[in-house]
Amino acid sequence: MPAKLTLSQLSSLLFRACDDLRGNMDASEYKEYIFGMLFLKRLSDLFDQEQEKLAKELQERGLKPEIIQAQLANPDKYTFFVPPEARWSHVRHLKTNVGTALNKALEAIEDANVDTLEDVLKHINFNRKIGQRTLDDDTLSNFVQNFEKIPLRDENFEFPDLLGAAYEYLIKFFADSAGKKAGEFYTPAEVVRVIIEILAPEAGMSMYDPTCGSGGMLIQTRDYVRECGGDPRDLALAGQESIGTTWSICKMNMLLHGIPHADIRQEDTLRHPQHKAEGGELKRFDRVAANPPFSQNYIKKDIEYPGRFAVWLPEKGKKADLMFVQHMIAVLKADGKMATVMPHGVLFRGGEEKEARKHFIERGWLEAVIGLPAGLFYGTGIPACILVVNKKGAADRKHVFFINADREYREGKAQNFLRPEDIGKIVHVYRQRQDVEGYARLVPVSEIEAEDWNCNIRRYVDNAPPPEPHDVRAHLHGGVPVAEVEALGRYWANYAGLRERVFAPRPSDARYADFTPAVADKRALADLVKSDPGIATAHAAFRSTLETWWGQNLPHVEALAPVDGNKGNVYELRRLLFSSIVESGFGFSRSAASDAAEAATTFSLLTPHQIRGALARYFEFFKPEFKSIAFSGWGPELIPDDDILQSQFPEVLAEMEKNRLRLAELAALFAAADEEDYEDSDDTGVLPGDEVKRLKAELKELNAQAKLAKKEGRKGDWNSYTAEATEIEKRLLKHKALEDEVRDLKAQLRATEKKQEELVTAARAKIDTDEAKRVILDRLHRILLETYESYLRADQRACLAALENLHAKYAVTAKAIEAKRDTAAAKLKTFLEELGYE
């Protein structure tokens with residue numbers, strides 16, 4: 001039985017291959033090498049698999065050996081024919097002229113499969129100069145050997161789309177590494193998800209991306225149709241990309257995802273659109289989605305199909321954005337819908353861009369404008385928006401729906417992200433077409449016309465937070481305004497008794513409350529909230545409801561494994577889980593969940609968007625495992641290495657953690673030693689690098705002087721030099737001992753990691769299917785609880801922050817501050833008088 005690869009294992013193996021190249025070039029340069037080698041290995045393994053199967057069938061039919069050999073050499077018998085020089089049995093042994101041999105292998109595969117691979121592989125050049133040199137044979141040979149460890153036959157995959165999923169992981173990895181250049185080939189998956197859910201494509205439709213990059217929009221379209229129960233094979237996918245290397249990545253992406261029918265073309269979409277119907281007219285599509293390059297120039301000369309453009313934007317000045325929009329509208333069917341990412345400037349700039357907006361709105365095409373947070377996209381920190389154009393019902397459309405979602409996101413170090421609940425809220429509000437205060441509004445066209453066709457989202461939906469209220473009387477005389485306490489009503493409704501434990505009514509004035517004696521200072525609030533019984537009870541009730549929901553849906557999860565050869569359906573499971581979560585009594589009813597205004601007034605620990613968003617995050621995290629279970633059952637390979645180690649060999653993990661902590665401690669010491677003005681106040685013995693060099697030179701000089709003094713009989717000088725040298729040696733030895741400890745710790749960690757792999761492999765081999773199922777279900781249950789716990793903790797932190805804000809404003813009165821100031825001033829005056837300055 002061949003070993004089954006999980007997504008995490010395959011991704012780990014591929015990232016190790018990246019490590020061999022990372023020191024020689026940046027990610028934007030070596031991504032083609034990784035993709036090319038992965039594609040070569042996959043096609044070779046697939047060819048070997050199909051050849052073995054064909055040979056077996058022919059032998060069973062009793063054909064003569066010479067006939068069998070002729071059939072095995074027939075290219076028409078294979079999905080992809082791989083010539084001998086490109087087969088892994090040859091490539092794996094390359095030691096000299098490796099780059100040239102790899103280039104020839106890719107060329108041979110392309111030439112043998114020209115119908116599907118023309119121009120896809122030949123541009124990859126393993127002999128390309130990186131700076132002043134090319135990669136040497138040793139580096140490339142080691143690189144090849146990494147792929148020797150990666151079996152890529154169908155039988156090696158936990159689920160059929162495993163390789164495509166790993167390819168997407170790689171694309172995301174390269175996008176994160178490439179920074180600004182990543183915008184050429186990758187749109188964040190969260191933004192793509194918003195667009196696809198807004199477009200809601202169905203089986204039987206056609207989908208087109210005129211600036212398709214690496215193909216994420218098209219792949220998510222396929223996945224969405226499958227999620228909704230449609231047949232993704234009954235979906236026509238088309239895309240165009242101008243950059244050759246990106247087009248090649250997209251072609252490979254489609255093939256590795258099992259979408260060979262996707263029609264991906266290479267050319268400049270504005271000048272030379274490639275998808276044409278019979279008669280030479282442009283082909284029309286049901287759905288169009290795109291993330292065109294922001295603020296580009298374009299060339300008007302020799303542009304094909306000029307009738308696409310009712311408004312010609314200036315060629316210079318980086319104004320091609322709405323040219324792309326007009327092209328997309330031109331290729332939409334009469335009842336088609338499109339959604340595209342655009343920079344905010346297209347919403348309010350004047351001139352031809354205003355005329356284009358007017359053109360879209362007057363014809364009823366522009367259905368919605370959705371504002372997104374800043375920092376979502378690679379290469380630009382500016383906020384962007386999504387324009388939604390819908391030709392269906394355009395003649396009767398007298399409104400444009402504006403959504404301002406630019407304040408709802410998760411902040412990252414280099415990039416911001418839409419959370420699942422943010423995506424769910426955008427899509428839900430868009431589908432409901434309901435006004436939501438500070439978030440969404442259906443704006444009449446007459447109002448936009450009165451604003452001179454300015455579509456700046458904040459003109460229509462201002463989501464700026466209200467000014468912080470300040471009660472002057474409370475600032476002067478103390479007390480907390482009851483109006484501000486009641487503004488935190490959702491916390492008092494959710495956490496029984498918390499208000500009474502924090503605030504006491506003021507008998508003399510019902511408009512104000514006081515902090516209770518338990519709130520001695522601001523720090524006391526944190527302890528009070530942390531130990532509050534009302535919060536604990538509410539969280540326990542939520543967990544109990546969640547446990548009940550899990551118990552009710554556990555049979556659906558268990559039924560995911562194949563039975564009698566019938567595979568499970570991951571997307572049907574997703575639909576079941578999402579439909580049931582709304583009915584589970586988390587504090588909102590179905591009507592509340594489908595009505596934004598009602599949901600806003602329905603108290604619950606988490607909002608409907610958060611409930612569904614947490615489940616979406618959970619399901620996305622486990623989607624590879626769910627696919628594996630549906631296809632291969634409850635295999636022990638789905639149990640993470642750390643889980644096996646934790647249960648079977650906790651001492652190994654403990655040893656590794658201890659060594660890692662000590663290594664981190666030493667690394668911090670050495671880093672601190674090289675900082676300016678370093679002082680070894682704790683007598684650690686760590687020396688700055690410059691100090692080590694100086695001391696070694698000084699020691700050498702002292703030893704020389706001592707030797708000379710001894711030779712000349714100067715015993716006093718010899719004693720002095722020797723004593724001084726001994727002290728320096730002690731300092732250097734103490735420093736070196738720490739350096740040796742770092743080296744030894746690293747060696748121990750490497751040895752333990754190797755030992756860890758052996759232990760995990762041996763332990764996993766002893767786990768049967770029933771035990772694996774139990775462990776996997778326990779993990780599914782545990783992570784579900786942890787996912788929702790993180791949301792509950794966030795709500796608790798928000799409650800604490802609100803209470804601390806009230807304490808900071810009103811706990812100390814202005815009179816108390818003045819009195820403290822006066823006391824300090826009097827004390828200062830006394831000191832000045834004593835010193836004779838007054």
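Mentor: Two strands pair if DSSP finds at least two bridges between them. Helices (H or I, at least four residues) and strands (E, at least two) are DSSP runs, numbered from the N terminus. This is a predicted model, in which local features need pLDDT of at least 70 and side-chain atom pairs count only at pLDDT 80 or more, while totals for chains, interfaces and linings use all residues. Residues are numbered from 1 along each chain as its sequence is written, and side-chain values use heavy atoms, with hydrogens and water left out.

Trainee: In what order do the nine strands lie in the open sheet?

Mentor: The order is β3-β2-β1-β4-β5-β7-β6-β8-β9, with mixed pairing. At the edges stand β3 (263-266) and β9 (440-444), each of which pairs on one side only. From one strand to the next the twist averages 15 degrees; angles run from 0 to 180 degrees between N-to-C directions, and axes are lines fitted to C-alpha atoms, for helices over the stretch in contact.

Trainee: How many bridges join β8 to β9?

Mentor: Five bridges join β8 (residues 399-404) to β9, and the two strands run antiparallel. Within this pair, F401 stands opposite L442 in β9.

Trainee: Which strands does helix α10 touch?

Mentor: Contact means heavy atoms within 4.5 Å. Helix α10 (residues 216-227) packs on the sheet and touches β1 (206-209), β2 (236-241), β3 and β4 (285-290), its direction making about 170 degrees with that of β2. Helix α11 (residues 244-256) also packs on the sheet, where it touches β2 and β3; its direction makes about 170 degrees with that of β3.

Trainee: At what angle do the axes of α29 and α30 cross?

Mentor: The axes of α29 (residues 689-712) and α30 (residues 715-765) cross at roughly 150 degrees and come within 9 Å. The pair is therefore roughly antiparallel, a term for angles over 145 degrees. Among the residues of α29 that meet α30 are L695, L699 and L702, and those on the α30 side include W718, Y721 and I728.

Trainee: Is V557 buried or exposed?

Mentor: Buried means under 20% relative accessible area, exposed over 50%, and partly exposed in between (1.4 Å probe, protein chains only). V557 counts as buried because its relative accessibility is 2%. V557 belongs to helix α22 (residues 533-558). Not counting residues up to four places away in sequence, V557 touches W550, L573, F626, W634, L777 and L780.

Technical notes. Parallel < 35°, antiparallel > 145°, perpendicular 65-115°, else oblique.
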